[in-house]
Amino acid sequence: MLIPRQKTPNLSLPLLRGGTFDLSKADTDCGTVICFYRALHCPICATYLKEFEKKVAAFAERGVNCIA
């Protein structure tokens with residue numbers, strides 16, 4: 001568990017639409033929510049991602065970046 005204002009661990013992920021997400025370069029003052037899932041064909045993951053997507057706008061209003 002990270003404590004606010006602690007350096008985040010190094011995490012770099014390829015994005016489906018191209019490019020790379022680098023947590024250490026994330027441009028947000030209020031943090032980033034990272035959603036890990038197994039696969040879109042998994043019914044549990046698909047349901048989870050749909051619910052997560054509904055909340056992304058609310059996170060953004062609070063200055064929180066989201067990535068799945």
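Reply: S24 is partly exposed, at a relative accessible area of 42%; this class lies between buried, under 20%, and exposed, over 50% (1.4 Å probe, protein chains only). This is a predicted model, where local features need pLDDT of at least 70, side-chain atom pairs count only at pLDDT 80 or more, and totals for chains, interfaces and linings use all residues. Residues are numbered from 1 along each chain as its sequence is written, and side-chain values use heavy atoms, without hydrogens or water.

S24 sits in the loop that runs between β2 (20-22) and β3 (32-34), strands being DSSP runs of E with at least two residues, numbered from the N terminus. The side chain of S24 makes a polar contact of 2.8 Å with that of D22 (N or O atoms within 3.5 Å, one able to donate a hydrogen and the other to accept it; residues adjacent in sequence count only if both atoms are side-chain atoms). P9 is 15 residues from S24 along the chain, and their C-alpha atoms are 7.5 Å apart.

As for the cysteines, the whole structure holds zero disulfides (cysteine sulfur atoms within 2.5 Å). C35 takes part in none, and the nearest cysteine sulfur to it, in C45, is 8.2 Å away. C35 is buried, at 4% relative accessibility. C66 also counts as buried, because its relative accessibility is 19%.

Definitions and conventions. Helices (H or I, at least four residues) and strands (E, at least two) are DSSP runs, numbered from the N terminus.
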